[in-house]
Amino acid sequence: YHSRSVESVANDIEYIHRTYGHHSSLLRGNDNRLVLYVYDSYHISPMYWARLLTEKGDISMRNTDIDSIMIGLWLHHHHGRDLVESGFDGFYTYFGTDGFSYGSTTSNWNSMCRFAAFHDMLCDLSVGPGYNDSLIRPWNTHNSRSRAEGRYYSRMWEKALKAVPHLVSITSYNEWG
């Protein structure tokens, strides 16, 4: 959202915990912390995220009542390093179009999951059944992927499972767009 900052995200996390934290339907880690995904996390610099997501940060949420497992988006090649520096607990790749970004390119997934293991992070690879948003983004047809009667989806799953991620998330066909 416009003017998002680590301070506003800290307030958002506190609100989520206070308002919805008791709901059993929320995703939680083995340690019972909420799992929260941050879309477009790369729009905020790692040095600012570190203020919230590392124990030494001046507004740290770590070891507090709102401590959560924070998952950031790995879009470009350097985002792995940025996510570690920021203090994120893991990453996800989001886009269901193989080749749309570095993170969504299935040939990068093995090395990305190894990177996660080396840095004690969660690796969440996102698969999708296909993609076509040309009705709302006519300029984006180069990222369209046919469902191919389920074969595209099956290939995405095969490639994800070969990389041995901790999690696999599903980016649904065209989502709400």
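Select Arg 4 and show its neighbours: leaving out residues up to four places away in sequence, Arg 4 touches Val 9, Val 38, Tyr 39, Asp 40, Ser 41, His 43 and Ile 44, where contact means heavy atoms within 4.5 Å. Before going on, note that this is a predicted model, with local features needing pLDDT of at least 70, side-chain atom pairs counting only at pLDDT 80 or more, and totals for chains, interfaces and linings using all residues. Numbering runs from 1 along each chain as its sequence is written, and side-chain values use heavy atoms, with hydrogens and water left out.

Arg 4 sits in the segment before α1; helices (H or I, at least four residues) and strands (E, at least two) are DSSP runs, numbered from the N terminus. With 21% relative accessibility, Arg 4 is partly exposed, on a scale where buried is under 20% relative accessible area, exposed is over 50% and partly exposed is in between (1.4 Å probe, protein chains only). Draw a C-alpha to C-alpha distance from Arg 4 to Ile 44: 8.3 Å in space, for 40 residues in sequence.

Now click on Asp 40, one of those Arg 4 contacts. You're in the loop between β1 and α2. Buried or exposed? Asp 40 is buried, at 14% relative accessibility. Check its phi too: about 50°, positive although Asp 40 is not a glycine.

For another positive phi, jump to Glu 149, where the value is near 55°. Glu 149 is in the loop between β4 and α5, and it is exposed, with 76% relative accessible area.

Next, select α1. Colour its buried residues: Val 6, Ser 8, Val 9, Ala 10, Ile 13 and His 17. What do they pack against? Look for β1, α2 and β2 (69-73).

Stay on Ile 13 and bring up the largest nonpolar core, a set of 30 residues in which Ile 13, Trp 49, Leu 52, Met 70 and Trp 109 touch the most other members. Such a core is made of buried Ala, Val, Leu, Ile, Met, Phe, Trp, Tyr and Cys residues joined through side-chain atoms within 4.5 Å. Elements giving two or more residues to this core include α1 (6-20), α2 (46-53) and α5 (151-162).

Last stop: a second, separate core of eight residues, with Ile 69, Leu 73, Tyr 94 and Phe 95 among them.
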